[in-house]
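Biologist: I have a model open and would like to learn how to read it. Could you take me through its features one at a time?

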Amino acid sequence: MQYDALELDQVTVTFRSPQENGERYTAVAGTTLKVRAGEFVSVVGPTGCGKSTLLNVAAGLLEPSAGDVRVFGERLAGINRRAGYMFQQDALMPWRSALDNVMVGLQYRGLPDADARSQAQAWLERVGLGGFGDRYPHQLSGGMRKRTALAQVLALDPDIILMDEPFSALDVQTRQLMENEVLALWAAKRKAVLFITHDLDEAIAMSDRVVVLSAGPATRPIGEFEIDLPRPRDVAEVRTHPRFVELHSQIWAVLRDEVLKGYAQQLKKAA
Ligand SMILES: Nc1ncnc2c1ncn2[C@@H]1O[C@H](COP(=O)(O)OP(=O)(O)OP(=O)(O)O)[C@@H](O)[C@H]1O
């Protein structure tokens with residue numbers, strides 16, 4: 001039997017209020033979500049609905065209040081060692097060069113320095129940064145830092161890649177370049193990907209499947225769509241495909257009300 005790479009089974013996450021007044025906030029409720037081996041799944045939902053919370057649960061950084069996480073059929077306890085995680089913000093160490101940043105995970109794994117260095121260099125070349133290994137993060141552009149972070153994750157050859165709005169801080173052109181690069185790398189290695197975004201166009205262009213979350217509290221999936229667009233895809237070109245337009249309007253019909261609810265909640269919180 002082939003297990004799913006990742007399975008969130010009836011996951012609920014309840015946070016205690018930071019004010020210590022005993023209040024609780026259920027961010028995610030009874031969520032079941034699966035990513036098959038080699039599948040690219042995006043999760044979209046309104047701002048603040050619980051997307052990062054779900055990813056943190058999948059990474060094993062946050063223990064669900066109820067429900068289970070299974071990784072290739074095994075119940076997850078602690079950190080998900082088969083997953084690599086790419087965050088919204090840069091997670092590069094500012095005091096290490098790009099090469100040293102990519103090397104560090106390999107060194108932690110016990111690889112001799114010379115091997116770690118040559119593998120890290122090969123990954124930097126694959127993401128187009130072969131000549132930039134000696135630069136420090138502050139000497140790199142936003143896109144280059146993202147490429148370094150990508151090399152850092154991919155160098156560890158994880159079976160599952162978790163990405164939390166990794167390109168949201170980039171300008172549109174750099175973002176599309178990065179999206180295409182991720183798709184090309186993914187096509188070569190076919191890892192399971194769980195990709196979080198609030199950008200529906202990005203989700204459709206990249207994915208095999210898009211899962212729509214409801215507005216919080218007690219967020220849960222309210223729609224799931226197979227993205228049957230041909231591959232390989234160019235994320236800019238695929239947007240003009242008639243099927244893309246059709247899928248976009250189908251998914252937006254489900255997402256729209258939730259986005260409005262999410263927005264109204266944000267306004268209430270801010271008042
Ligand atoms: N550690 C925490 N303690 C209390 N509440 C939290 C905690 N982490 C998240 N929350 C709340 O849970 C909800 C979901 O947060 P989360 O960051 O998962 O949303 P998101 O969909 O990723 O948001 P965004 O789209 O803005 O990135 C929010 O209302 C948030 O305030």
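Modeller: The residues of the shell around it comprise four nonpolar, eight polar and one charged. Here Ala, Val, Leu, Ile, Met, Phe, Trp, Tyr, Cys and Pro count as nonpolar, Asp, Glu, Lys and Arg as charged, and the others, Gly among them, as polar. Keep in mind that this is a predicted model: local features need pLDDT of at least 70, side-chain atom pairs count only at pLDDT 80 or more, and totals for chains, interfaces and linings use all residues. Residues are numbered from 1 along each chain as its sequence is written.

Biologist: Which residues surrounding the ligand are the closest?

Modeller: A residue is near a molecule if its C-beta atom, placed from the backbone, lies within 6 Å of it. In this model 13 residues surround the ligand, and the closest are Phe 15, Ala 27, Lys 51, Ser 52 and Thr 53. Strand 2 (24–35) and helix 1 (51–59) are the elements that give two or more residues to the shell. Helix 1 provides the largest share, three residues. Helices (H or I, at least four residues) and strands (E, at least two) are DSSP runs, numbered from the N terminus.

Biologist: How many helices and strands are there in the protein chain?

Modeller: The protein chain has seven helices and 10 strands.

Biologist: How should I read a pair of packed helices?

Modeller: Two packed helices are described by the angle between their axes and the distance between the axes. Axes are lines fitted to C-alpha atoms, for helices over the stretch in contact, and angles run from 0 to 180 degrees between N-to-C directions. Take helix 2 (residues 98–108) and helix 4 (residues 142–155): their axes come within 8 Å and cross at roughly 20°. This makes helix 2 roughly parallel to helix 4. Angles under 35 degrees count as roughly parallel, over 145 as roughly antiparallel, 65 to 115 as roughly perpendicular and the rest as oblique.

Biologist: Which residues of helix 2 and helix 4 make the contact?

Modeller: Ala 98, Asn 101, Val 102, Gly 105 and Leu 106 of helix 2 and Thr 148, Ala 151, Gln 152 and Ala 155 of helix 4 make the contact. Two residues are in contact if their C-beta atoms, placed from the backbone, lie within 7 Å. By class, the contact of helix 2 with helix 4 has five nonpolar, four polar and no charged residues.

Biologist: At what angle do the axes of helix 2 and helix 3 cross?

Modeller: The axes of helix 2 and helix 3 (residues 113–126) come within 8 Å and cross at roughly 125°, and the two helices are therefore oblique to each other. Their contact has nine nonpolar, three polar and two charged residues. Helix 3 and helix 4 pack at about 130°, with axes 9 Å apart, which makes helix 3 oblique to helix 4.
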